[in-house]
Amino acid sequence: MKTIRIIKPGSTVKIGMDEISAIVLSVSIDFNNHITYRCSWFSGKERKSEWFEECEISFRELDTIRIGFAHA
């Protein structure tokens with residue numbers, strides 16, 4: 001079984017150079033296991049949401065899980 005490690009949806013992460021605190025809402029696994037994360041955060045009273053690559057996110061290792069694909 002092929003497995004990959006992802007950040008768990010619902011985890012709190014830091015995004016961007018300013019290390020803004022955000023929550024991972026969803027995970028997208030594209031061609032060649034390219035993984036992106038939709039994160040949400042507040043900017044003042046406005047809620048923002050955007051897709052980020054893993055290299056743009058700071059996270060704790062304990063906030064990751066391994067998922068598998070039986071027929072990969």
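This is a predicted model: local features need pLDDT of at least 70, side-chain atom pairs count only at pLDDT 80 or more; totals for chains, interfaces and linings use all residues.

Biologist: Why is glutamate 19 called partly exposed?

Modeller: Its relative accessibility is 47%. Buried requires under 20% and exposed requires over 50%; glutamate 19 therefore counts as partly exposed.

Biologist: What is the phi of glutamate 19?

Modeller: Glutamate 19 has a positive phi of about 50°, although it is not a glycine. Asparagine 32, likewise not a glycine, has a positive phi of about 60°. Asparagine 32 is placed in the loop between β3 and β4 (34–43).

Biologist: How do you know whether asparagine 32 is buried or exposed?

Modeller: The relative accessibility of asparagine 32 is 64%. The cut-off for exposed is over 50%, so asparagine 32 counts as exposed.

Biologist: What makes a set of residues a nonpolar core, and which residues have the most contacts inside the largest one?

Modeller: Its members must be buried residues of the nonpolar kinds, joined through side-chain atoms within 4.5 Å. The largest such core has 13 residues, and Val13, Ile15, Tyr37, Cys39 and Ile57 have the most contacts inside it. Two or more residues of this core come from each of β1 (2–7), β2, β3 and β4, with β4 giving the largest share, 4 residues.

Biologist: Which residues does isoleucine 57 touch, beyond those up to four places away in sequence?

Modeller: Isoleucine 57 touches Ile7, Val13, Lys14, Ile15, Tyr37, Cys39 and Phe52. In soluble globular proteins, nonpolar side chains tend to be buried together.

Conventions:
Residues are numbered from 1 along each chain as its sequence is written. Side-chain values use heavy atoms; hydrogens and water are left out. Buried means under 20% relative accessible area, exposed over 50%, partly exposed in between (1.4 Å probe, protein chains only). Contact means heavy atoms within 4.5 Å.
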